[in-house]
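Colleague: Could you take me closely through the surroundings of the ligands in this model, and through the parts of the chain that bear on them? I would like one connected account, with a word on how far the coordinates can be read.

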Amino acid sequence: MANHQKVLFAVLLLAALTSATLLWSSGRAASLPDSPGTPIPAVPLRVPPESSIPAGPKGDLIRLGKNIITDTPQYASAYTGNDMKCSDCHIGGGTVAFASPLGGVTTLFPWYSPRAKRVITIQDRLNECFVRSQNGKPLPSDSREMIAMIAYMNWLSQGVPMGSTVQGRGLLRLEAPAKIDAKAGEQIYAKQCSMCHGASGEGTPGMAPPLWGPRSINDGAGMSKVPKMAAFVKANMPPTQPGSLTVEEAFDVAAYVDSHPRPHYNPIYDKY
Ligand code: HEC
Ligand code: HEC
């Protein structure tokens with residue numbers, strides 16, 4: 001083969017491999033919690049190294065976004081109404097599969113929200129978690145905090161094409177068992193959860209967030225619904241042995257948690 005033919009051959013081979021990889025990854029579509037039925041292409045979840053945060057004002061913004069997400073009561077105190085941090089559910093600052101990772105999310109917006117029955121922006125989606133999971137208030141779209149969280153999520157989304165997401169987006173998709181037993185859940189809670197989350201669900205400062213009571217999420221939050229909590233618990237709790245509960249046990253313990261009071265969602269925020 002002449003040299004130029006070799007080069008041509010190499011280029012063609014590379015093109016074929018690239019399109020094969022693209023086909024393969026788009027074939028592994030994620031079924032998506034908040035969007036209308038169509039499967040969305042998903043690429044492997046990759047967490048960029050901290051060192052790739054640029055110096056200067058843009059880097060400062062990304063770091064502020066990370067601080068808000070990992071210590072919400074401190075960095076977004078004006079908008080937070082409980083002791084929850086975003087990273088109590090979006091574990092590791094949104095870097096863990098099936099703990100609703102935050103990379104590959106800004107690439108999907110704006111989208112149609114069946115809950116809000118309208119097309120929503122990423123700002124609207126972040127505010128949904130502020131008025132529900134944080135039991136707080138919505139942030140102005142142009143506030144520094146809002147822009148910082150978006151900058152951080154964009155930084156986490158490096159390498160995820162527009163319109164695509166990451167594998168492990170959202171929570172595990174579980175089939176609910178035929179029978180859910182909150183009484184059995186009480187036993188599991190006492191043995192495997194209360195040492196961190198407290199006998200009265202109040203949490204342990206610096207160790208684990210509240211699961212119910214006045215400082216917890218409100219009853220409009222996704223995590224307050226038994227199927228979502230079960231899916232989160234199955235994949236992530238207890239943190240020392242994630243995956244150790246059966247699906248039935250995850251539903252039972254979620255039903256037990258759900259049998260306790262928590263703050264009510266404020267309907268003046270119904271837009272979110
Ligand atoms: C109590 C748990 C909890 C807390 C705290 C929480 N969220 Fe969420 N968040 C969820 C759940 C559950 C979902 C929906 C996941 C699903 O349905 O698959 C979600 C979804 C999201 C989404 C959309 C993700 C996607 O893939 O569509 C974003 C963005 C988001 N949250 C941001 C935040 C931010 C920012 C904060 C802090 C201000 C926060 N969340 C606090 C539980 C929480
Ligand atoms: C070793 C301490 C520990 C144990 C044991 C533990 N958790 Fe957690 N839990 C945490 C921490 C810490 C978080 C915050 C996420 C993270 O950083 O992993 C969390 C987060 C959660 C959340 C999401 C946040 C919220 O407030 O809604 C739920 C739900 C939850 N745990 C339920 C359980 C259940 C149910 C069990 C028992 C099967 C359990 N946990 C056992 C430490 C613990």
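Modeller: This is a predicted model, and the protein chain has a mean pLDDT of 89, with 86% of its residues at 70 or more. Over residues 11–36, however, the pLDDT is below 50, although this stretch has 24 contacts in the model beyond near neighbours in sequence. Where pLDDT is low, predicted coordinates should not be read in detail.

I begin with ligand 2. This ligand is surrounded by 23 residues, of which Cys193, Cys196, Ala208, Met237 and Pro238 are the closest. Two or more residues of this shell come from each of helix H7 (182–192), helix H8 (194–197) and helix H9 (226–236). By class, the shell around ligand 2 holds 19 nonpolar residues, three polar ones and one charged one. Because domain 1 (28–166) and domain 2 (182–263) both contribute residues to the shell around ligand 2, this ligand lies between the two domains.

Two of the residues closest to ligand 2, Met237 and Pro238, are themselves joined by a cis peptide bond, for which omega is about -15°. Pro238 belongs to the loop between H9 and H10. Most peptide bonds are trans, and most residues other than glycine have a negative phi. A cis peptide bond also joins Phe109 and Pro110, with omega about -5°, and Pro110 sits in the loop between helix H4 (91–94) and strand S2 (111–113). That loop between H4 and S2 also holds Ser100, a residue other than glycine whose phi is positive, near 45°.

H7, one of the helices that give residues to the shell around ligand 2, also packs against helix H10 (residues 247–258), their axes coming within 7 Å and crossing at roughly 90°. That angle makes H7 roughly perpendicular to H10. On the H7 side the contact is made by Ala182, Ala184, Gly185, Glu186, Ile188 and Tyr189, which meet Glu249, Asp252, Val253, Ala255 and Tyr256 of H10. Sorted by class, seven residues of this contact between H7 and H10 are nonpolar, one is polar and three are charged.

Turning to ligand 1, its shell has 27 residues, and those that come nearest are Cys86, Cys89, Cys129, Ser133 and Gly170. Helix H5 (residues 122–131) supplies the largest share of this shell, namely four residues. The shell around ligand 1 comprises 15 nonpolar, seven polar and five charged residues, whereas the shell around ligand 2 has 19 nonpolar, three polar and one charged. Both domain 1 (28–166) and domain 2 (182–263) are represented around ligand 1, each by at least three residues.

Eleven of the residues in the contact of H2 with H6 are nonpolar, one is polar and three are charged.

Key:
Residues are numbered from 1 along each chain as its sequence is written. Chains are lettered from A and ligands numbered from 1 in the order in which they are written. This is a predicted model: local features need pLDDT of at least 70, side-chain atom pairs count only at pLDDT 80 or more; totals for chains, interfaces and linings use all residues. A residue is near a molecule or strand if its C-beta atom, placed from the backbone, lies within 6 Å of it. Ala, Val, Leu, Ile, Met, Phe, Trp, Tyr, Cys and Pro count as nonpolar, Asp, Glu, Lys and Arg as charged, and the others, Gly among them, as polar. Domain bounds come from an automatic or database domain assignment. Axes are lines fitted to C-alpha atoms, for helices over the stretch in contact, and angles run from 0 to 180 degrees between N-to-C directions. Angles under 35 degrees count as roughly parallel, over 145 as roughly antiparallel, 65 to 115 as roughly perpendicular and the rest as oblique. Two residues are in contact if their C-beta atoms, placed from the backbone, lie within 7 Å. pLDDT is the predictor's confidence in each residue, from 0 to 100.
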